[in-house]
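Subject: A structure for you to explore

Hello,

Here is the structure I promised to pass on to you. Have a look at it first, and then read on for what turned up in it.

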Amino acid sequence: GYHPCLHGATLEIRERVIQLLDLVDTCTDSAHYKKHALKALYLLMPYWDGTLSHLDHLLNHPPTVLDKSQKSTIATFGGNIESPRTALRQLDALEPEDEGLNIEQALMTAQVVYIRSDMQDTVVRKATNCLIEEIIQVVRKIRLPVYTKLTLDETRFMMTQTLADSLATVLSKKLLMTLAYQSVNDPKNLTDRTLNADSIKNGIETNTQTTIAHRAADDDTAEWISNPTGGIQKTVTKMERVERNSSGAEEWTGERSVGHLEENLIHKNIIFSLPPRVSVLLRPNEISCILYTCWIPVR
């Protein structure tokens with residue numbers, strides 16, 4: 001299990017709970033209600049232990065130390081977060097009886113942790129994004145004892161602005177982050193339409209150093225992989241001269257005109273036809289090459 005808002009400093013918990021309860025200001029008609037719901041939440045945070053069940057209790061039974069006006073704010077606008085809160089409480093994994101997964105402890109003791117999310121479940125995705133947010137928060141404030149690898153599969157469904165902006169920062173903190181997705185256009189088709197997809201895509205491509213690209217399924221992806229591999233000069237025949245003999249057959253005269261044509265080192269046709277486990281490796285200060293990936297199991 002995992003308590004999304006149990007660990008961390010107050011400001012860190014506040015950032016996570018705002019995303020978890022859909023209270024981010026999106027400049028829409030609902031912004032007014034979100035603003036007041038946030039006010040109600042901030043009134044309760046000093047008395048909240050970080051669990052979802054205790055948040056329910058505080059909303060229904062505000063602390064006695066609050067004055068009448070503050071209690072009225074909670075009673076009036078606390079209901080605006082009832083729907084996302086109720087959905088979250090239906091996930092048993094988010095309400096474990098014990099402490100649950102402690103991100104900082106797992107990182108400091110170099111544990112191997114496997115997290116199973118769900119691309120189709122909106123509530124599970126929110127919890128997953130909250131967990132990723134906490135990982136980034138922890139890594140930025142502590143010094144990891146060893147390099148740690150964080151692999152995110154199907155990143156399109158978990159992409160946030162914080163994640164894209166943190167790619168370069170966390171590398172200096174000994175966190176190696178791998179983002180895996182199907183197409184170069186996936187960062188433009190985010191599930192959260194409130195995000196700036198172009199900014200996130202640019203952040204990913206700017207802040208990632210190494211790319212491993214398997215067989216492409218669309219032309220945009222193939223060109224995006226092929227173009228950075230650099231160009232080479234190929235000698236091609238531009239014209240050959242033939243003559244027709246008395247029998248009507250064509251005979252080559254031995255005259256040929258050749259020229260040079262620039263082509264990508266790894267052409268996109270090669271990328272379209274890569275067999276399984278074979279990929280293109282792009283990395284700084286090295287010539288691009290074809291790579292055979294040989295994954296090993298981690299127990």
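The largest cavity holds about 40 Å³ of space. Please keep in mind that this is a predicted model. How many cavities of 30 Å³ or more does the structure hold? There is 1. To find it on your screen, look for the residues that line the largest cavity: Asn129, Ile132, Glu133, Ile136, Met158 and Thr160. Sorted by class, that lining has 3 nonpolar, 2 polar and 1 charged residues.

The most comes from H7, with 5 residues. By class, the lining of the second largest pocket has 8 nonpolar, 9 polar and 8 charged residues.

H1 spans residues 10-20, and its buried residues are Glu12, Ile13, Arg16, Val17, Ile18 and Leu20. What do the buried residues of H1 pack against? Their partners are three helices: H2 (31-44), H5 (82-89) and H7 (122-141). So that you can follow the chain onwards, note that after H1 comes Asp22, which has a positive phi, near 60°.

Now for the strands. An open sheet is formed by 3 strands in the order E3-E6-E7, with antiparallel pairing. Strands E3 (211-213) and E7 (289-292) are the edge strands, each pairing on one side only. From one strand to the next, the twist averages 35°. As a reminder from your course, strands of a sheet pair through backbone hydrogen bonds, either parallel or antiparallel.

You can trace the pairing residue by residue. E3 and E6 (residues 278-282) pair in the antiparallel sense over 3 bridges. Ile212 stands opposite Leu281 in E6, and Ala213 has Val280 in E6 as its bridge partner.

Is E6 mostly covered or mostly open? E6 is mostly covered, as 5 of its 5 residues are buried. In a regular strand the side chains alternate between the two faces of the sheet. In E6, Val278, Val280 and Leu282 point one way, while Ser279 and Leu281 point the other way, and all are buried.

One last stop is the hairpin of E6 and E7. It has 6 residues between the strands, and Asn285 takes a positive phi near 65° there.

Enjoy exploring, and write back with any questions!

Best wishes

Note on methods
Residues numbered from 1 in each chain as written. Predicted model: local features only at pLDDT ≥ 70, side-chain atom pairs only at ≥ 80, totals over all residues. Heavy atoms only, no water. Buried < 20%, exposed > 50% of the residue type's maximum accessible area, 1.4 Å probe, protein only. Helix = DSSP H or I, 4+ residues; strand = E, 2+ residues; numbered from the N terminus. Contact = heavy atoms within 4.5 Å. Pairing = 2+ DSSP bridges. Axes fitted to C-alpha atoms, helices over the stretch in contact; angles between N-to-C directions. Nonpolar A, V, L, I, M, F, W, Y, C, P; charged D, E, K, R; others polar. 1 Å grid on protein atoms, 1.4 Å probe; cavity = no way out; pocket = protein on both sides within 12 Å on 5 of 7 lines; lining within 4 Å. Points joined across faces, edges and corners; volume = space filled by probe spheres on them.
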